[in-house]
Amino acid sequence: MDKTTLIAFVGGWALIALAIFLGGAGFGAYIDIPSVIIVFGGTAFVTIGQFEGKDLSNFTKAFGVAFNETKAIPTAEIIIKIINYATEIKKNGVMSIEPKIAEEDDPFFKEAMNLLVDGTKPDVVESLLEIKLEHMENRHKTMISMFGNMGGSAGAMGMAGTLIGLVAMLANLADPAAVGPAMAVALLTTLYGALIGTLIAGIIESKLEQKHTTEMISSQIAIQGAVMIASEEQIGNIKMKLNAILSASAESAEA
Amino acid sequence: MDKTTLIAFVGGWALIALAIFLGGAGFGAYIDIPSVIIVFGGTAFVTIGQFEGKDLSNFTKAFGVAFNETKAIPTAEIIIKIINYATEIKKNGVMSIEPKIAEEDDPFFKEAMNLLVDGTKPDVVESLLEIKLEHMENRHKTMISMFGNMGGSAGAMGMAGTLIGLVAMLANLADPAAVGPAMAVALLTTLYGALIGTLIAGIIESKLEQKHTTEMISSQIAIQGAVMIASEEQIGNIKMKLNAILSASAESAEA
Amino acid sequence: MDKTTLIAFVGGWALIALAIFLGGAGFGAYIDIPSVIIVFGGTAFVTIGQFEGKDLSNFTKAFGVAFNETKAIPTAEIIIKIINYATEIKKNGVMSIEPKIAEEDDPFFKEAMNLLVDGTKPDVVESLLEIKLEHMENRHKTMISMFGNMGGSAGAMGMAGTLIGLVAMLANLADPAAVGPAMAVALLTTLYGALIGTLIAGIIESKLEQKHTTEMISSQIAIQGAVMIASEEQIGNIKMKLNAILSASAESAEA
Amino acid sequence: MDKTTLIAFVGGWALIALAIFLGGAGFGAYIDIPSVIIVFGGTAFVTIGQFEGKDLSNFTKAFGVAFNETKAIPTAEIIIKIINYATEIKKNGVMSIEPKIAEEDDPFFKEAMNLLVDGTKPDVVESLLEIKLEHMENRHKTMISMFGNMGGSAGAMGMAGTLIGLVAMLANLADPAAVGPAMAVALLTTLYGALIGTLIAGIIESKLEQKHTTEMISSQIAIQGAVMIASEEQIGNIKMKLNAILSASAESAEA
Amino acid sequence: MDKTTLIAFVGGWALIALAIFLGGAGFGAYIDIPSVIIVFGGTAFVTIGQFEGKDLSNFTKAFGVAFNETKAIPTAEIIIKIINYATEIKKNGVMSIEPKIAEEDDPFFKEAMNLLVDGTKPDVVESLLEIKLEHMENRHKTMISMFGNMGGSAGAMGMAGTLIGLVAMLANLADPAAVGPAMAVALLTTLYGALIGTLIAGIIESKLEQKHTTEMISSQIAIQGAVMIASEEQIGNIKMKLNAILSASAESAEA
């Protein structure tokens, strides 16, 4: 479970509930089924229309990714793993690492190490893994843009709902007492749109971006490591290069 | 038929109708012919002015693309096709694939394979197909930007229409009872602009982008495959490279 | 005459006139000389300040470009021209094309062909034409951004004008009957700003962009053609490469 | 003096004064010292916080750049200068140009020519000048973004000021006659923010960008010229290359 | 202490206090605990959800960076340092600089110089430091985008809070006297959102960007210097290259 995503969802929505409670008009004033249908339904339909079936089917999976710990190995850990595998291979040959690889979680790192076991040449290792990374990147970016677009669509549907409500209200101003409540209801779709955009789509989009960056960095280190091992570079050189990455992640004159 | 585009259009507009119905002012309150003319007509004229005749003539074709299944071959399928053609060529020579190629649907893949039959050299295959891909990309981007611009123009024309209506209303406040309905009508152009931008242009623009990405990926795989076959690479190598792409599309630590 | 630009201007402004007519307040309600001065004058001054004299002097020329057919040769035509010149040169030598070149309209294509007549080496042809293209691109982008900025400035000046009008109105609420008309006038600057941004600057900016893209593509084909002829490539190869471009412009699995 | 910047400032602000005069509420209605302090002061403090001391100290210098003619040599002139120096060097040797260089105004061109006098090798000339150009570009972009950010900050501070004014007004609605003037004052900060953003920061930002582009082009021509002279290319070749640039600046099928 | 950041915070917030004081409604009218909770709390939760734990833990550190002088060595100083180390190494050998390096503050420059002491080859020095720089850049950009996103989230939460307040007010218009104060409170969340976005997140984001640029430039000079020393280039050449950078930072035809 990715705690920060969970905290944000629970905390964010609890705050909204608190704000409504403190507003004193009661929760009922904020729930209007037609408004819910227009904004949530409208956003769903626009998103369905904007993307293709193969990507839409990954929608719940993307939610899962945002709410779960990334399987990508942290920088510090993957560096240690690569150095260990490199040392092991120098000592006992490349076949000796096969049983350990089977236990790795990150599928990209696993494939990188399996290419070594298969005795693949350094340049082939690099080109294969780069191609794979590029296609992974394409797929991730589609999912990230799905949530980005969703935020925009929710805002637009919210505004359309408010305009529909305002027109209905303005067309019939006979009963002055009804104006306030009618306008209150009209504003609800804009509120729903803003909340979907900020507290759902906005969080998931950014969290997926962060996890994408983390996975890209981890995968690039895996590629560099696999290529260095396949090129039979000296353990000392491998360590030095990987440690430069490690130190960059831990310190700097700035943040 | 691209089901998701159809679902979005039918569902999205049905939701708007539902919202209007539930609003209780009747459909009549939401239909104002002058407003329709200003926003739809204005958006059409701006779009006509922004693009050139040769691109405008593809407008309905672009709609067709968004509403139809892409002819681009899915990643998994094109990889199998390339491996089959490569195997066939190794066994029976390059001429043996000619009859099968004639039955291919994707024109880019067809041309890539035809270059092999013509005995074109690997580097010529690559440069020819890259040039073709680049020109296809230019044309696609023009169509995508046409729908992107259309959304913006619809919003701007909607706002202009509302301002024209407000000025008319404000210039003559003598009859207080007329203010509400007059303002309701003034808001209709903004509503129309938002709906065109979200439920028409917004959907088509993004769907064309998705199909463009799918076609680019499929075409790039076709290029890689054709170049590998033309270079007489080993079937094992071709399989390994293409399978790296395939696995990247099916799994990853992230979504 | 570029018909689409003309249709957009005539049709767009006619629609606005129609909307005003249908609004029933009369054209007089939409014309306020001080508002015209502030928005049109303000936009002009801001644009003058943002650019340099040498670029501002091209302002009316840019209008002319948007309203006239591009002199750039269409893809299909330039390809035929290049193949014809290449064939002519193979048959009768490079000097034989000189009289025909003198009749070409597109100055870039003309220069490309003249370099062949002068017997310039392929790499010099390429570097000369690339440098020229780059400088043309710089100049075009400045003009495109001039109209882009103009749209933004018109919107900002319109808003400033409305605020000035609102402040005047609010400072003196003594006569309730004057509030409506005063606010109507205040809104006129925002309307003018939106119309300049959409129906003038927005159209010209996008049309210049389209013509720029068309000219860039045509010029790049001219460069490729000239380099291939200067390198004395075989007519068959030249045809094959240029036809790949041609087919890409005419078909694809997408729009 | 850069006349267009001056015309824009004088003309733009005169138009605003005219608009206020024609509005009839008197200049006094548009001047509110606290509002001036909040918007101008707030924008100043935000800008100070966003940038570093070394860049802030160039603020008035950047104003000077926007209001003065660029020292960068126009394309046509720098090309003639380079051809003259190249011819002079061929005739009388590299030392002969030293006295003339001392009289050049553009420091970048001066340094480029001085490297020739020092007998620097072509590749060193290129790498030295490229490094210098890159660092100049960094510095320019910081200044341009300072004015870009300033426009945004002015708008945000204007909005904050209006909200502060509205809250004060709404908290005390006891005296209806005070509502109008109070709201008028509240709107002044938004007006000030829009005017700073459009008629000050917006003009300076774009003018600096234009002068930056002009200087970059002029410097790149200086580099190309210096490298060609250092490589002892033939005068004919130098002329041909530089004239390609010149013709690109003077004509094209588009604007 | 970075004085400009401090001046901006103290001065900016003092101005807001002054504006409130001059508004005459008293500070009490601007403080509403529920509004504070919604906007500050909501922004915090959204930010927590958008980023990962490892980056969130650097949040206060990033504040510290914005408020403290950068440890990155100024361009002029680092160039002198490099020339001194280069001269020292030529005279007394590479080991002679080891004690001085231990006293350097900038960790990147320190590591670059230590690689020289270790006798690392020029290309290894370059690739190691480039990798390190790239990873530093990734980390910086994450922190910069955290403050950028925060500004946007604060605005969105402010708008949501205002909508919640408006709905509560509109649902109960029975007491006309309560409308003004209720609306005043509703507007407070928008005000808070704008102030967080401008006077906190907006300042920190831009200041971190500036310090990032400064550190990148300083680090790139350190890399160039270290590589030149490791390649045993002549002191004269090293000086000339570094001085080109120095002169670019001090003068130019533009700002």
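**Exercise 1. Is E232(C) buried or exposed, and where does E232(C) sit?**

Step 1: E232(C) has a relative accessible area of 63%, so E232(C) is exposed (buried means under 20% relative accessible area, exposed over 50%, partly exposed in between, with a 1.4 Å probe and protein chains only).
Step 2: E232(C) belongs to the loop between α9 (176–230) and α10 (235–250) of chain C.
Step 3: Look at the backbone too: phi of E232(C) is near 55 degrees, a positive value in a residue other than glycine.

Before going on, note that this is a predicted model, where local features need pLDDT of at least 70 and side-chain atom pairs count only at pLDDT 80 or more. Residues are numbered from 1 along each chain, and chains are lettered from A in the order in which they are written.

**Exercise 2. Find the helix that holds A112(B), and decide whether A112(B) is buried or exposed**.

Step 1: Helix α7 (residues 107–117) of chain B contains A112(B) (helices are DSSP runs, H or I, of at least four residues, numbered from the N terminus).
Step 2: The relative accessibility of A112(B) is 0%, so A112(B) counts as buried.
Step 3: Now try a distance: G151(B) is 39 residues from A112(B) along the chain, and their C-alpha atoms are separated by 37 Å.

**Exercise 3. What are the mean pLDDT of chain A and the scores of the model?**

Step 1: Chain A has a mean pLDDT of 90 (pLDDT is the predictor's confidence in each residue, from 0 to 100).
Step 2: In chain A, 97% of the residues reach 70 or more.
Step 3: For the model, ipTM is 0.90 and pTM is 0.92.

Technical notes
Heavy atoms only, no water. Helix = DSSP H or I, 4+ residues; strand = E, 2+ residues; numbered from the N terminus.
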